[in-house]
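Grab a pencil and work through these exercises one at a time. Try each task yourself before you read the solution.

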Amino acid sequence: MDIQTVGVVGCGLMGSGIVELIAKNGYNVVVREINDDFLEKGLSRVQGSMGRAVEKGKLAAAERDAAWGRIKGTTNMSDLAGVDLAIEAAIENLDLKKSIFKELDQVTRPDVILASNTSSLAVIEMASMTRRQDKVLGLHFFNPVPVMPLLEMVRTFLTSEETYQTARKFGEGLGKQVIVSKDAPGFIVNALLIPYLLDAVRMYENGFASKEDIDTGIRLGLNHPMGPLTLLDFVGLDTTLFIADEMFKELKDSRFAAPALLRRMVTAGYNGRKSGKGFYDYSK
Ligand SMILES: NC(=O)c1ccc[n+]([C@@H]2O[C@H](COP(=O)([O-])OP(=O)(O)OC[C@H]3O[C@@H](n4cnc5c(N)ncnc54)[C@H](O)[C@@H]3O)[C@@H](O)[C@H]2O)c1
């Protein structure tokens, strides 16, 4: 299938990155948010990120302008009627994602592939809400989407070979290195990452060490670009909590049980970098 226009549902941290990446690669994008405020915030994130790329000399101003011209924002799902591929990037909640897939199935052409950027949820559950279960798969991008080279593809029991090949070609065309996972909780990366992040919170919660020393230990001891608490701020504490809760619900494995501190911080609005506060302060 010839993909020219891509629909994106959700313009948060990930959705805005996906919009930017896809528009820069020459596709038209229609992005849907729940209200004008979120849409405006999401689109200004796209604009800000592309502006920084221009300042750093990584993107020509003319290319930025052309990419920006290919992006259309909306609050109506029906505006995704003409898309050739749809990618869902709303919050990590299965009931919400299922209802979005039901809507996408109703508004898009029956031959259109529907993908989820879910970090951990069962893609087959979303597929089950559609009349095209063979055309549903996971396209799991990493944050920040324009920069991170990885795309984790998730095939369900029912994803067809044709769907997989079309989506793989699309992902590789965006310049991403593709890895493929079964539709298992957390897929490859988060099945390993989430217990590690939760352990770091437990370590800090138990007074084992200062947050700075936990982060420095991993950064300098293991040569990671950032420590786990900084990474949590970057990913979003709320998003990490959503993922951990969903994985715990499915696996009943204590490695995925969220520490009380993480839950308290999210309730208090300490969602990490995007909210100005997390383990560290970003308000300035
Ligand atoms: N944050 C990460 O590092 C990361 C990495 C990979 C994948 N993911 C996954 O990507 C998805 C989005 O995460 P995020 O970090 O961008 O979260 P976010 O909270 O920054 O953004 C989610 C956005 O979805 C919007 N939304 C909610 N319901 C919607 C609907 N019905 N229609 C349209 N928009 C809707 C919200 O208004 C919000 O702006 C989640 O499934 C998450 O697990 C996140």
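**Exercise 1.** Leaving aside neighbours within four places in sequence, which residues is aspartate 183 in contact with?

*Solution.* Two notes before you start. Residues are numbered from 1 along each chain as its sequence is written. This is a predicted model, so local features need pLDDT of at least 70 and side-chain atom pairs count only at pLDDT 80 or more, while totals for chains, interfaces and linings use all residues.

Step 1: Two residues are in contact if their C-beta atoms, placed from the backbone, lie within 7 Å.

Step 2: find the residue. Aspartate 183 sits in the loop between β8 and α7 (189–205). Helices (H or I, at least four residues) and strands (E, at least two) are DSSP runs, numbered from the N terminus.

Step 3: list the partners. With its neighbours within four places in sequence set aside, aspartate 183 is in contact with Ala122, Val123, Ile124, Val154, Arg155 and Thr156. Take isoleucine 124: aspartate 183 and isoleucine 124 are 59 residues apart in sequence, but 7.4 Å apart in space, C-alpha to C-alpha.

**Exercise 2.** Is glutamate 33 buried or exposed?

*Solution.* Step 1: learn the cut-offs. A residue is buried if 20 or more other C-beta atoms lie within 10 Å of its own, exposed if 12 or fewer, and partly exposed in between, with C-beta atoms placed from the backbone.

Step 1: count. Glutamate 33, in the loop between β2 and α2, has 23 C-beta neighbours inside 10 Å, so it counts as buried. Not counting residues up to four places away in sequence, glutamate 33 touches Gly10, Cys11, Phe38, Leu39, Gly42, Gly73 and Thr75.

Step 2: Proline 110, found in the loop between α4 and β5 (113–116), is exposed because it has 9 other C-beta atoms within 10 Å.

**Exercise 3.** In which sense do β7 and β8 pair, and over how many bridges?

*Solution.* Step 1: check what pairing takes. Two strands pair if DSSP finds at least two bridges between them.

Step 1: apply it. Strand β7 (residues 150–155) and strand β8 (residues 177–182) pair in the parallel sense, over six bridges. Arginine 155, for one, has lysine 182 in β8 as its bridge partner.

Step 2: follow the chain across. From β7 the chain passes through helix α6 (residues 161–173) to β8, in a right-handed β-α-β crossover. Right-handed here says that, with the strands pointing away from the viewer, the path from the first strand over the helix to the second runs clockwise.

Step 3: look at another pair. Strand β2 (residues 28–32) pairs with β3 in the parallel sense over four bridges, and arginine 32 stands opposite threonine 74 in β3. In strand β3 (residues 71–74), Ile71 and Gly73 make up the covered face, and Lys72 and Thr74 the uncovered one.

**Exercise 4.** Which values of phi do asparagine 223 and lysine 252 have?

*Solution.* Step 1: asparagine 223 has a positive phi of about 60°, although it is not a glycine. Asparagine 223 lies in the loop between α8 (211–222) and α9 (228–235).

Step 1: lysine 252 has a phi near 50°, again a positive value in a residue other than glycine. Lysine 252 belongs to the loop between α10 and α11 (260–267).

Step 2: one more backbone angle to look up. The peptide bond from asparagine 143 to proline 144 is cis, with omega near -5°, and proline 144 has its place in the loop between β6 and β7.
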